[in-house]
Each structure stands twice: as C-alpha cells, then as structure tokens.
Amino acid sequence: MKKLLCALAVIALLGAACGGDDTNSDGADTGGDAGGAAESSTLTAENFSFSPTSLSIASGGSVDYTNNDDTEHNFSIDDADIDQDVEGGESATVDLSGLEAGSYDFYCKYHKDSMTGTLEVTG
C-alpha cells in the first residue's frame with residue numbers, strides 16, 4: 001500500500017511540474033487562455049526589418065516594441081491612428097486597447113519598403 005501511495009504522489013508531482021503555463025521560453029505571456037492570442041506581444045526592429053512580421057493579440061492588448069538598430073523606427077497602423085516612434089536602442093509599449101477585433105497592417109513610416117507586418121486582434 002505504501003508503494004502505491006508513493007507512486008501516486010510521484011505521479012501527482014510530475015503532473016503538476018509538467019502542467020503548462022502561459023509563458024514562452026523568454027517568459028513572455030503567450031495568452032494560453034485567449035485561443036493562442038496573447039494580451040501583449042513582442043516586436044523587434046533590427047537590420048531595418050520587423051521580427052516577427054505577424055502578430056496575434058487579444059483585444060485590449062499591447063505591443064512591446066524594441067528597436068535594436070541605431071536609427072529611429074516607428075510602429076504605425078493607419079486604420080487605427082497609431083503612430084509610435086522609437087529611437088534607436090530604445091523600447092516602447094504601444095497600447096492597442098482601442099482596436100476592435102480584426103486584421104491590421106502595420107509598418108515603419110520611415111522605412112515602409114522593408115518594414116511591414118500584419119496584426120491580428122482577436123475578440
């Protein structure tokens with residue numbers, strides 16, 4: 001009986017340890033309860049390009065935007081009047097709480113030819 005209880009205790013501990021949380025390897029919230037869309041998402045500008053170029057965010061979320069280049073970049077969405085400049089080497093949080101569910105094109109107004117992406121806002 002003791003062996004059975006010990007085995008059940010080990011299984012319970014392993015199950016708890018293996019249970020999923022809603023963070024990725026960088027500790028960022030992946031929004032596991034929002035159908036795959038996070039409350040916030042990370043966007044990086046580097047070498048005059050965005051990474052990633054496709055974002056999915058739950059309604060009311062934000063973008064944590066980091067500019068790893070030496071020059072100023074921007075995060076703009078025309079349909080939402082969003083226009084956030086970020087100096088080289090700096091970061092900003094872009095509040096998207098006013099966006100309705102839908103798909104939006106974003107870009108850097110200074111480097112529109114090479115820095116574009118798509119944002120999906122879920123309900």
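**Exercise 1.** Find the partner of Lys 109 in a salt bridge, and work out where the two residues sit.

*Solution.* Start with the side chains: Lys 109 and Asp 83 meet in a salt bridge, with 3.1 Å from N to O. The cut-off for such a pair is 4 Å, so this one counts. Now place the partners. Lys 109 is in the loop between strand E7 (102–107) and strand E8 (116–122), while Asp 83 belongs to strand E5. They are 26 residues apart, and the pair links distant parts of the chain. Keep in mind that this is a predicted model.

**Exercise 2.** Which residues do ring pairs link into a cluster?

*Solution.* Begin with the count: there are four aromatic pairs in the structure. Then follow the links, and you get a cluster of Phe 50, Tyr 65, Phe 75 and Phe 106. While you're looking at rings, check Tyr 107 too: the charged end of Lys 112 sits over its ring, 4.3 Å from the centre.

**Exercise 3.** Where is the cis peptide bond, and which residue other than glycine has a positive phi near 55 degrees?

*Solution.* Go to Ser 51 first. The bond from there to Pro 52 is cis, with omega near -5 degrees. Pro 52 lies in the loop between strands E2 (49–51) and E3 (54–67). For the phi value, pick Phe 48, found in the loop between strand E1 (38–46) and E2.

**Exercise 4.** Which residues gather in a patch of negative charge on the surface?

*Solution.* Look for Asp 78, Asp 79, Asp 81 and Asp 105. To place one of them, take Asp 78: you'll find it in the loop between strands E4 (73–77) and E5 (82–86).

Technical notes:
Residues are numbered from 1 along each chain as its sequence is written. This is a predicted model: local features need pLDDT of at least 70, side-chain atom pairs count only at pLDDT 80 or more; totals for chains, interfaces and linings use all residues. Side-chain values use heavy atoms; hydrogens and water are left out. Patches are made of residues with over 30% relative accessible area and no salt bridge: like charges are joined within 9 Å, nonpolar side chains (Val, Leu, Ile, Met, Phe, Trp, Tyr) within 5 Å. Accessible areas come from the Shrake-Rupley method with a 1.4 Å probe; for residues, only the protein chains shown count as cover. Lys and Arg count as positive and Asp and Glu as negative; His and the chain ends are not counted. The place of a charge is taken as NZ of Lys, CZ of Arg, CG of Asp or CD of Glu. Helices (H or I, at least four residues) and strands (E, at least two) are DSSP runs, numbered from the N terminus. Rings of Phe, Tyr and Trp (its six-membered ring) pair if their centres lie within 6.5 Å; planes under 30 degrees apart count as stacked, over 60 as edge-to-face and the rest as tilted. A charge sits over a ring if NZ of Lys or CZ of Arg is within 6 Å of the ring centre and within 35 degrees of the ring normal.
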